[in-house]
Amino acid sequence: SDVPAIGTESSTAELVAYLVSRHHAYLRRTLPVLEPLVAKVARAQRPRAPELQDLLEEFHALRTELEPHLDDEEADLFPMLMSRAPDRARLASRMAEVREEHRRVGRALARIRTLAHEFRVPDWACGSYRMMMSELAAFEEDTLRHVHLENHVLMPRFDAAAS
């Protein structure tokens, strides 16, 4: 990747820019492409793998939660984190809400992984099925890294300021 390594030594502005340009951009690009792929595979393979319908429903619900979550972080939480004097009570409340949203995302990812049989591809799988599993695994990995950076690198910097 051409993006520099990001971590605890990065400034808040660098970290936020990285989250938006790398992880938020990935989700905005991937979600609208991956959902129709999951729908296509679920339709085509319904007789062999009826659980793919549940996978599609879970993915759709997660997408429906994630897209406004990204907008909200960019419009509200991130500017608050970068402001010189954020409202401490509001910041604490927003960070608690975002952490709860992240817990829901984690649970949804776990259900998707279970419904996708740990992203294992059956012998009979077509190319679209193989691509779906590969993309779902990449989606999970990217989203978990993204949530980790927000929960364990970005927000802890503000826990004391929010209390």
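These legends walk you through close-up views of a predicted model. Residues are numbered from 1 along each chain as its sequence is written, and side-chain values use heavy atoms, with hydrogens and water left out. Local features need pLDDT of at least 70 and side-chain atom pairs count only at pLDDT 80 or more, while totals for chains, interfaces and linings use all residues.

**View 1. The largest nonpolar core has 29 residues.** A nonpolar core is a set of buried Ala, Val, Leu, Ile, Met, Phe, Trp, Tyr and Cys residues joined through side-chain atoms within 4.5 Å; buried means under 20% relative accessible area, exposed over 50%, and partly exposed in between (1.4 Å probe, protein chains only). L52, L55, L62, Y129, M132, L136 and F139 touch the most other members. At least two core residues come from each of α1 (12-44), α2 (51-82), α3 (88-115) and α4 (127-154), and α1 gives the most, with nine. Helices here are DSSP runs (H or I, at least four residues), numbered from the N terminus.

**View 2. Meet L55 and its contacts.** Leaving aside residues up to four places away in sequence, L55 touches V38, I112, L115, A116, M132 and L136. Contact means heavy atoms within 4.5 Å.

**View 3. Another core lies apart from the largest one.** This core has 16 residues, including L77, F78, M95 and L149.

**View 4. Look at H117 in the loop between α3 and α4.** H117 is not a glycine, yet has a positive phi of about 50°. Its relative accessibility is 36%, so H117 counts as partly exposed.

**View 5. F119 is also found in the loop between α3 and α4.** F119 has a positive phi of about 65° although it is not a glycine. F119 counts as buried because its relative accessibility is 11%.
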